[in-house]
Structure formats: C-alpha cells, structure tokens
Amino acid sequence: MRTAFSVDVVRAAERDLMARLPEGALMQRAAAGLAVACADLLGRVYGSRVVLLVGSGDNGGDALYAGARLARRGAGVRAVLLSPDRAHAGGLAALRAAGGRVSGDALADIARADLVVDGIVGIGGKGGLRPEAARLADAARQSLVVSVDLPSGVDADTGEVAGDAVRADATVTFGAYKPGLFIDPAREYAGALRLVDIGLELPAEAEAEALQYADVADLLPRPSAESDKYRRGVVGVVAGSARYPGAAVLAVSGALRGGAGAVRYVGPAADAVLAQFPETLVHAGPPSKAGRVQAWVIGPGIGDDSDAMADVLDSDVPVLVDADGLRFLDPARVRDRGAPTLLTPHAGEAAALLGADRTEVEAARLHAVRELAGRYGATALLKGSTTLVADAAGGPVRANPTGTGWLATAGSGDVLSGLTGSLLATGLPARDAAAAGAYLHGLAARLAAAPDGAPILATDVAGALGEAWREVCRY
C-alpha cells in the first residue's frame, strides 16, 4: 500500500532526522535519489542537456545538488535562478564546481534541454506560480520535466491547483508521498511517481493511501469448501424503472461478479434482468418482502421510487445508495441507521448533497469527500477523475489509482454500484468494499480498452471484471 502524509507530519519527521544527522546529509540523500531518477529518465547522461529551474528554498537546493551529480557524469547543466540572491549557496557552489553554469538565457536553454528539473517551489507552497515562474514552466512543457518532491504550484496536502502549475512527466518525492500526489487535479500534473527513501520515521496512520494489487487481493472474498450461495452472501439490488431498465441490468451485472453467492433483484425490470442473467432471483417488491439479503444496493435508474428507498433504509444490513437514490437522502435518517451506509455520488450528485457547486467539489475533492462522510455519518465514495473513499469514523482517505477516462461512459457507475454492493454482502467493511470495488472497476476498464484503444461501453467494463479479479489475485 502506498501511504501519503501531510506537509506538517513530513516536516516534523525531517526535523527529527536532521537533528541526528550531520548538517546537509538529508539534502544529499534527496539529491542523490533525484539524480538517479533523472539519469534513468535520460537513459544516457553523458552529453545530455539539463536545465534546473531553481527556487529559493530547499527544493531548489535539492535540484542544484542533483544537477552537480549529473554534471560530474558529463551532462551539460544550466541553472535558471528565479531568486539569484536567495539560491541555496551550497548547492550552487557544488554545481559550479562540477562544471555546471548559471543560465544566461533561460528560454533558449530550456528550448534546447533534454530534461528540465522543476525545483521552483517546495511542499509548503500555496497558490499558483508567479508570472515569471509560470512563463518558464510553460516553456518547459516542450521537454521532459521532472518535479522535485511535487509539481510547483500544486497543493501538497489537498491536490488543489489554484493557478498556474508545472506539468511534470515524473515527480520524484522524498521520504513519503504527499496526499496531493494521489488526488486530482494535482495528480494529473505529477506524472509518474517515484519515492526516494531518505530514512524518515513516520506515524502509523497516514493522511491518504492508495491500494495496490496485493492489498486488494487480500480483501477479496474466496469461497471455502463449506460455502454455499447463501453463506457467500446475498446482495439485493433495487434498480431500474420503465424508463431506465438498462440500469437494473448493469447493476446486476456488477453484482454477479462481485463475490457474493446470489443476487436478488427487486424492481420493474425483472424481464430484462432475467433475459441477460437467468441466475438472478427476482421479486416485484417491496424490498423488505423479497427475502433475506446481507446488503442492499439501491438507486440506479429508480426514478422517483422513494418508498423503496425508505424500505431499504429501514433494514438492518449495509446499504449502498447511488444515483437516483441519493436524491431521497436525509442526513439525520442516514446517521440514525444501525448498519453501515455507503454513498457513491459523482461530483454533481455530491454537490447537490452538500449544497455546493460542482466546480467546488471537483476543485477540492479531498475536502468534499470528507464533508460528505461527516455530514451523513456514512462511508462516502466520490467518483470522478480520482475516486476517493472516506469514512465517517476518520482515518486515511483512500485514493483509487486505477481510474481511467474510459469509465466516463453511461452506465459504468451502475456496474460499480452492483460490484461494490456484492462485496458488502460478503462481509467486507464499507470502506474496504468501496476501495476494492473502485480498484477492480478501474482495472476492468483499462483491460477492456486494451490493446487497440477503441471506445468501450459499460457492458465491456462489466465483462472485464472477471479478468480484473484474476489479474489482481495473481499477486
């Protein structure tokens, strides 16, 4: 699992470590890791042209010391000093001693560069880049760009981007990932991530985390020799309407591939569901009369069926609420439930639940998902360019790393709801079910889109869930 820590936590850990090390040793560790990463990206260091964009803080010092190491290996290194009087003195002296130079024509040097190292602003930076820095960052986009610790201009703690920022091809971060590297819009600016271990001692609980294959594989349910379809869990799906029968089919398709032993469908689209999935157990409703389930999924395509919503919320099992069902939620009613509730809105639906504007939610996704979880006393899965999962009880927010633009297709959220609800029915806690469901869902979309890159449909995503499951469980 990749874990991310706030700026305050990282800085405290750095102070503790620096107190035990010789002066400058920590910066040398960071610079050594940065230089190795730059060399790997260049492929051939000797004869390459490297430009350092150097700010006034330790971030600039890291870039200068790394540049000195590259210069000693035969690279032609030029440093663009944004604040010449405040550049890191030791780093600048090291660069010059290694044969590097201060740039006399920044734009010309950037235009010829094979690699540009962004050392403008460190992890404490707030707001967008200043005009001169923004001009240099824009020019650097024609080259390979590596950011030091995080792209300059993005917020390390939140992933927010409040103005101009560097768009990196790769980010080399030190000691720990920062939450903004996991969360859009900043994630989009970071490129490929590389963590350099500099020896920090960090607390057990992170600010944010991102599951990897092995973590998801450990969560996924597996039947035992004594399992039957009821012991494996039954998920109830309340979805679809005369206008949207396809939502029921898609939600059931996800549920059948989510690990539960059986799926009960309740709603008016039974014929459409049975035509596609004859193994489904169907009932006309109400949900409370359909038979025992271990979890409910409600909302995709149900239209104005608020009675079914009230019936499901009265149950004593976990409930996942999505799509149309979100319109009928009362925060107090959800908080009063004795069993877990999982909400799965996209940004527009989250904005409606929070009484905010969609652009506010998209710009501050971390704040929005935490606000949702707290206000409703529920687990919240906020769908979008970065799918985030937050729990009302607190703890690290989980950021899904498998998201892809291929999921921006009608009905893919219905598949996710069914899949995640099925994982709930197997007994997974809401936070784990949400994170594992989002991971498999994103991976399935990637697999469905490969190798030719042709457009995919929600049915393709559902069809690839089995392959995604197998892919994860190989590790």
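This note describes the sheet, the nonpolar cores and the pockets of a predicted model.

1. Basis of the values. The model is predicted, so local features are given at pLDDT of at least 70 and side-chain atom pairs at pLDDT 80 or more, whereas totals for chains, interfaces and linings use all residues. Residues are numbered from 1 along each chain as its sequence is written, and side-chain values use heavy atoms, with hydrogens and water left out.

2. The sheet. Seven strands make up an open, parallel sheet in the order β4-β3-β2-β5-β6-β7-β8. Strands are DSSP runs of E with at least two residues, and helices are runs of H or I with at least four, both numbered from the N terminus; two strands pair if DSSP finds at least two bridges between them. At the edges lie β4 (101-102) and β8 (192-196), each of which pairs on one side only. Strand β7 (residues 170-174) runs parallel to β8 and is joined to β8 by five bridges. Thr171 stands opposite Leu193 in β8.

3. The largest nonpolar core. A nonpolar core is a set of buried Ala, Val, Leu, Ile, Met, Phe, Trp, Tyr and Cys residues joined through side-chain atoms within 4.5 Å; buried means under 20% relative accessible area, with a 1.4 Å probe and protein chains only. The largest core has 99 residues, and Leu34, Val50, Leu52, Val117, Trp296, Ile298 and Leu329 touch the most other members. Helix α2 gives the largest share of this core, 10 residues. Beyond its neighbours within four places in sequence, Leu34 is in contact (heavy atoms within 4.5 Å) with residues including Asp62, Val117, Val172 and Phe174.

4. A second core. A separate core of 57 residues includes Leu416, Ala425, Ala438 and Ala458. In soluble globular proteins, nonpolar side chains tend to be buried together.

5. The largest pocket. A pocket is an open set of points on a 1 Å grid over the protein atoms alone, where a 1.4 Å probe fits, with protein on both sides within 12 Å along at least five of seven lines; lining residues have an atom within 4 Å of a point. The largest pocket is lined by 40 residues, and Gly57, Asp58, Asn59, Val121 and Gly122 lie nearest its centre. The elements that give two or more residues to this lining are α1 (7-18), α2 (25-42), α3 (58-72) and α6 (131-140).

6. The second largest pocket. Of its 29 lining residues, His346, Lys383, Gly384, Leu407 and Ser412 are the closest to the centre. Helix α16 supplies the largest share of the lining, four residues.

Definitions and conventions. Buried < 20%, exposed > 50% of the residue type's maximum accessible area, 1.4 Å probe, protein only.
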